[in-house]
Amino acid sequence: MLRRPHKSILSIPALGTRYGNLQVSSIRRYAAQLPPRIVIKKDEIEESFLKGSGPGGQKINKTSSAVQLKHLATGMVVKSQATRSRSQNRSIARRLLADKLEEAEKGPESRTALKEEIKRKKKASKSKKARRKYRTQDDSNKEAERAEQQLDVSTNEKIF
């Protein structure tokens with residue numbers, strides 16, 4: 001069983017401790033950079049509940065738990081049936097619609113675009129570190145092979 005670190009350890013940003021699957025210091029760092037989400041008013045959207053489809057069996061197909069939101073001003077439509085709960089699907093659909101509207105409005109300066117940029121930078125940094133690590137190992141292996149070949153050549157010359 002994994003234990004949660006003490007609160008005093010979590011409050012120190014320099015440590016960058018891991019909590020669950022997330023790096024605490026990186027959460028604080030990137031949360032400050034992201035702009036706030038767009039708030040959509042209830043009168044700007046049309047909400048409808050549909051019967052679900054796909055895997056999940058009879059329960060999904062019988063109940064109207066899937067949520068479809070239509071933004072009246074732009075005509076954008078978002079559908080969510082991620083869970084069997086109508087209220088959870090509603091909040092997921094609202095978040096998706098807000099992200100979609102923000103991306104259409106702000107383009108590369110939107111919250112989702114900034115998140116993708118952060119992910120891309122992290123991935124590039126990881127791959128750069130891996131290349132650097134294995135390059136030093138490869139270099140030392142090549143040097144060892146060269147030294148071994150030189151020894152073989154010099155011993156062969158002494159024999160002949």
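**Salt bridges and surroundings**

Mentor: K106 and E102 form a salt bridge through their side chains, at 3.7 Å from N to O. A salt bridge here is a side-chain nitrogen of Lys or Arg within 4 Å of a carboxyl oxygen of Asp or Glu. Keep in mind that this is a predicted model, where local features need pLDDT of at least 70 and side-chain atom pairs count only at pLDDT 80 or more, while totals for chains, interfaces and linings use all residues. Residues are numbered from 1 along each chain as its sequence is written, and side-chain values use heavy atoms, with hydrogens and water left out.

Trainee: Where do K106 and E102 lie?
Mentor: Both are in helix α4, 4 residues apart, about one turn of the helix. Helices are DSSP runs of H or I with at least four residues, strands are E runs of at least two, and both are numbered from the N terminus.

Trainee: Is E102 buried or exposed?
Mentor: E102 is buried, at 0% relative accessibility, whereas K106 is partly exposed at 35%. Buried means under 20% relative accessible area, exposed over 50%, and partly exposed in between (1.4 Å probe, protein chains only).

Trainee: How many salt bridges are in the whole structure?
Mentor: The search finds 4. One of them joins D99 and R37, at 3.9 Å from N to O. D99 sits in helix α4 (residues 86-106) and R37 in the loop between α2 (24-33) and β3, so this pair ties together parts 62 residues apart in sequence. D99 is buried at 16% relative accessibility, and R37 is partly exposed at 36%.

Trainee: Which residue does R120 pair with?
Mentor: R120 pairs with E117, their closest N and O atoms being 2.5 Å apart. The two are 3 residues apart in helix α5, about one helical turn.

Trainee: Switching topic, what does H71 touch?
Mentor: Leaving out residues up to four places away in sequence, H71 touches I40, E44, I45, M76, L97 and L101. Contact means heavy atoms within 4.5 Å. H71 belongs to strand β4 (residues 66-71) and is buried, with 7% relative accessibility.

Trainee: And the overall layout, what pattern does the chain follow?
Mentor: Along the sequence, the pattern reads α-β-β-α-β-α-β-β-α-α, with 5 helices and 5 strands. Of the 160 residues, 19% count as buried.

Trainee: Last one, where is G54?
Mentor: G54 is in the loop between β3 (45-50) and α3 (58-62). Its C-alpha atom is 9.8 Å from that of Q81, 27 residues away along the chain.
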